[in-house]
Amino acid sequence: MSLKGATFLESVLQTLKRAIELGGYPQEVYEILSRPQRIITVNIPVKMDNGKIQVFTGYRVQHNNALGPYKGGIRFHPEVTLDEDIALATVMTFKNALNGLPYGGGKGAIAVDPKKISKRELEELSRGYARALAPFIGPETDIPAPDVGTDPQIMAWMVDEYSKIAGRNVPGVFTAKPVILWGNPVREYSTGFGVAVWAREAAKKLWGGIEGKTVAVQGFGNVGYWGAYWLIKMGAKVVAVTDSKGGVYNPNGLDLTAVKAVKDKTGSVINYDAPGTRKVTNEEVLELPVDVLVPAALENVIHKGNANNIKAKLVVEGANGPTTADAEQVLHRKGIWVLPDLAANAGGVVMSYLEWVENLQWYFWDEEETRNRLERILLDTFNRVMIRWSKLGTDNVTIREAAYVEAVDRIYNAMKVRGWI
Ligand code: NAD
């Protein structure tokens with residue numbers, strides 16, 4: 001068992017235990033939700049470019065389907081472990097339930113570095129995985145999507161392979177597909193958009209609005225860039241951004257378009273240079289005197305060692321698991337709001353749900369209509385979490401715990417009416 005996987009799973013289960021306690025649910029809920037319903041292991045032979053066969057091991061963890069088909073991404077990474085996959089699938093059950101989606105949770109993984117194999121090998125591996133999983137997935141059974149190391153092209157190969165086996169086009173079996181193959185243009189920025197919507201709504205409660213509030217963003221990838229983009233559109237002032245090499249800070253605000261152009265040209269935001277701008281490290285960016293902090297890169301970056309130095313009043317978790325449990329207690333005591341990952345970065349999976357609905361009915365909304373629908377779902381979740389938090393008592397309960405209670409409540413009620421409990 002990898003330490004990373006074990007720790008992650010343990011902390012998810014700890015929060016689940018606390019949510020069950022806070023919500024007064026029976027112990028059986030823990031017995032059921034603390035382990036996945038089904039784990040599928042597949043071994044996929046691929047003929048490599050050198051003519052030799054290499055066998056890749058992959059998983060699909062189907063955690064719980066009380067609320068609907070399993071739903072969650074597929075990760076291609078050399079260090080994936082089954083324990084990590086179980087933890088990720090478990091979190092998906094709560095994330096989907098929290099956002100009111102008609103889905104359970106699942107997650108898949110293959111131990112491979114997609115950058116170290118050729119495009120042809122990658123295609124053969126992706127198709128092999130879809131073939132091996134075909135009996136266990138489907139639009140009403142289990143709907144995978146991309147995660148770390150996978151992208152819309154890989155989804156296109158997989159949906160093509162699945163459709164060939166089914167003998168008909170089946171668009172709704174994978175989501176986040178290319179726009180030309182039944183995808184939706186909103187998917188590209190949906191997670192960052194969700195981060196911005198959650199930040200804006202929390203800012204309304206804290207300060208009456210997000211306008212003019214300063215924001216620091218750690219991570220300038222899909223989530224960080226689009227989060228910053230939408231926050232600026234909503235009236236906030238993004239003053240710092242970083243990527244893996246470090247980044248830049250200007251207390252008067254950054255020109256995001258110019259920063260993005262430098263990143264695209266040179267590979268890092270650290271090369272951006274303008275009057276009033278200085279360099280910051282990835283440690284410093286977390287401790288800047290800003291109103292809003294968006295960790296959008298890695299897990300465990302806010303920990304016991306730096307939690308006391310965080311000056312932002314609002315932390316919006318763009319990344320999965322950026323705040324350790326210890327650090328969250330410190331921030332909570334300091335009165336800092338932490339908008340938890342399963343809520344703040346759910347824009348992507350909510351958008352996946354909308355794409356799936358489009359696919360099932362073979363009818364597609366335009367970009368604005370899709371974005372409005374996405375926003376409505378995010379706002380509904382925000383309001384429910386705030387009501388639940390205030391009912392449970394904001395002094396003794398974190399926003400994450402309130403979100404978990406909200407999620408467990410739906411799963412519990414579905415399991416109860418089904419007669420599982
Ligand atoms: P990405 O690969 O597009 O971007 C990651 C960014 O983080 C890059 O700019 C990279 O340079 C930077 N980075 C890497 N190491 C860093 C470090 N040590 N310090 C600071 N920055 C560093 O990835 P992404 O899709 O934006 O995902 C980021 C996080 O958000 C991950 O935790 C992911 O699981 C989570 N997430 C993503 C989505 C999505 O739809 N993309 C949805 C939900 C959650």
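**Close-up views of the contact between two domains**

View 1. Domain 1 covers 37–183, and domain 2 covers 185–359 + 368–421, with bounds that come from an automatic or database domain assignment. This is a predicted model, in which local features need pLDDT of at least 70 and side-chain atom pairs count only at pLDDT 80 or more, while totals for chains, interfaces and linings use all residues. Residues are numbered from 1 along each chain as its sequence is written, and side-chain values use heavy atoms, with hydrogens and water left out. Between the C-alpha centres of the two domains lie 26 Å.

**View 2. Here is where the domains meet.** On the domain 1 side 31 residues are in contact with 30 residues of domain 2 (heavy atoms within 4.5 Å). The buried area is about 2,600 Å², and carbon and sulfur atoms give 64% of it (accessible area, 1.4 Å probe, that two parts lose on being put together, summed over both).

**View 3. Look at the face that domain 1 turns to domain 2.** Helix α3 (82–98) and strand β5 (142–146) each supply at least two residues of this side (DSSP runs, H or I of at least four residues for helices and E of at least two for strands, numbered from the N terminus). The most comes from α3, with seven residues.
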